[in-house]
Amino acid sequence: MTNELFMIGVDIGTTSTKAVLYKENGKPVSKHNVEYPLYTPTPATAEQDPEEILLAVVESIRTVLLDNQIKANQVKFVSFSSAMHSLIAVDKAGKPLTKCITWADNRSAKWAEKIKDEMDGHEIYLRTGTPIHPMSPLSKLVWLKNEEIDLFQASSKFISIKEYVFYRFFGEYVVDYSIASATGLFNLEQLDWDGKALEIAGVTADHLSKPVSTTHSVEGLKEPYCEEMGLNESTKFILGASDGVLSNLGVNAIEPGVVAVTIGTSGAIRAVTDRPVTDPKGRIFCYALTEDKWVIGGPVNNGGITFRWVRDQFAASETETAKRLGIDTYEILTRIAEQVKPGSEGLIFHPYLAGERAPIWNADARGSFFGLAMHHKKEHMIRSVLEGVIYNLYSVLLALEELIGVPKQIKATGGFARSALWRQMMADIFNQEVTVPESYESSCLGAIVLGMEALGEIDSLNVVSDLVGDTHSHQPNKENVQIYSELLPIYIRISRKLTEEYTEIANFQRRK
């Protein structure tokens, strides 16, 4: 490998950071994943330690280089993907005054409602493309301004986790258009901070980073990090974009009528347009991929994080068995779920463990099992959790279809795509063929393609069609489709009927 050149795609996720090493032809060589905790001391709190994430970025890059004996001068560039909606308050020296407040944090729920009802929230949404919800930095800033006054006033900057990493690496504050467009503070047409949104948030442009293109390149990596990661000061770092829009790029879902479905920690359904598009009903987001490609869709809070919850809370014995056998706990849980018929014998799970964004946009929503009876066992509950995640995504697709029509193709990606059971489940519930790229790390691949464009090595993002590799394909099973078609209307009606109950139980939990 001495004379070869390589590219590194880094994805800063909610529960882990991964680095993937690619050859010049875009073929993956290896990857390394570093997990970190999500701190949830209260039902409304979901934070992370910025330093733990920074160390994960450093370790993941260092490991893929060391494991493959790659030297610094063999690295063409490092390009980034990142989770959206995070917020960190920092002082003048760049020191965090808060933990990293993630998209799943609901402490600003009350203020999100006030923005909607009293501050022209819908008009702000139409300009910024970010639904008014506790996930957005806009809502978080209004909450901090009103309830954490001393902290708010002591803050010099409000930044995302990727901005924090780049500041530590290079000493400058920059934010790509994609991450900026997910803040609720960024005017999609002007490609700049929205004056009215800033006024409501109580900040100025000086409190935020400089918005730049997703192909923006930075050099001058600080010496300590050069040594720690095995890179040169001159190594090019591409700012990249958000994980959601890069996932569409990474599965080649950038043509009209092609829809990408992602389930990682959270989940989303997305399609690409050539201009910003918002929804008069306020149900979908619109985020930037590049200056002339925009991604619209609906996000869900509860994707793989619900499966992780099952593992952590109910699978102690399965975890021990997995350690003994040297396999993943999720593999054992999937085998258990396969023992149960589609529909989980009438057990329905609403996966609202972290409130919910699309389609109900209700931070107070809470998870539940419905239809539980004496004949149901743990394996039914495990399968119903997996089905509930797909039910929820299907209900988002119904809203998206009102804007783009029935999709001609569905491409699925994210951690769930490693599970044949989950892939088939999606085909059956969606009643449509689902294809899955051979490479599951679509956000990292999307970041690599942006990096290639940044260096002028490609003329079009469509080159990704040559890089995604072969796909798995799953056709819907007619018998399973019939079962799910009976259960889906029940699933949707329940979530609509429990709006008041969600609020009451959420208020009860907040008092505890």
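**Sheets, pocket and cavities of a predicted model**

Q: Which are the edge strands of the open sheet of six strands?
A: The order in this sheet is S3-S2-S1-S5-S14-S13, and the pairing is mixed. An edge strand here pairs on one side only. The two edge strands are S3 (28-35) and S13 (217-218).

Q: What angle does the direction of helix H10 make with that of S14?
A: Helix H6 (residues 161-170) touches S1 (6-12), S5 (75-82), S13 and S14, and its direction makes about 170° with that of S14. Helix H10 (residues 243-250) touches S1, S5 and S14. The angle between the directions of H10 and S14 is about 95°.

Q: Which helix gives the largest share of the lining of the second largest pocket?
A: The second largest pocket has a volume of about 590 Å³. It is lined by 24 residues, and those closest to its centre are Leu 38, Thr 40, Ile 305, Trp 309 and Leu 353. By class, the lining has eleven nonpolar, ten polar and three charged residues. The largest share, five residues, comes from helix H11 (residues 304-314).

Q: How many charged residues does the lining of the largest cavity have?
A: The largest cavity has a volume of about 130 Å³. Of its 17 lining residues, the closest to the centre are Phe 158, Ile 159, Ser 160, Glu 163 and Thr 183. Helix H4 (137-147), strand S8 (157-159) and helix H7 (177-180) each give two or more residues to the lining. By class, the lining has eleven nonpolar residues, five polar and, as for charged residues, one.

Q: What is the volume of the second largest cavity?
A: The residues that line this cavity include Ile 12, Gln 48, Met 84, Cys 100, Trp 103 and Ile 161. By class, the lining has seven nonpolar, five polar and no charged residues. The volume of the second largest cavity is about 80 Å³.

Methods
Residues numbered from 1 in each chain as written. Predicted model: local features only at pLDDT ≥ 70, side-chain atom pairs only at ≥ 80, totals over all residues. Heavy atoms only, no water. Pairing = 2+ DSSP bridges. Helix = DSSP H or I, 4+ residues; strand = E, 2+ residues; numbered from the N terminus. Contact = heavy atoms within 4.5 Å. Axes fitted to C-alpha atoms, helices over the stretch in contact; angles between N-to-C directions. 1 Å grid on protein atoms, 1.4 Å probe; cavity = no way out; pocket = protein on both sides within 12 Å on 5 of 7 lines; lining within 4 Å. Points joined across faces, edges and corners; volume = space filled by probe spheres on them. Nonpolar A, V, L, I, M, F, W, Y, C, P; charged D, E, K, R; others polar.
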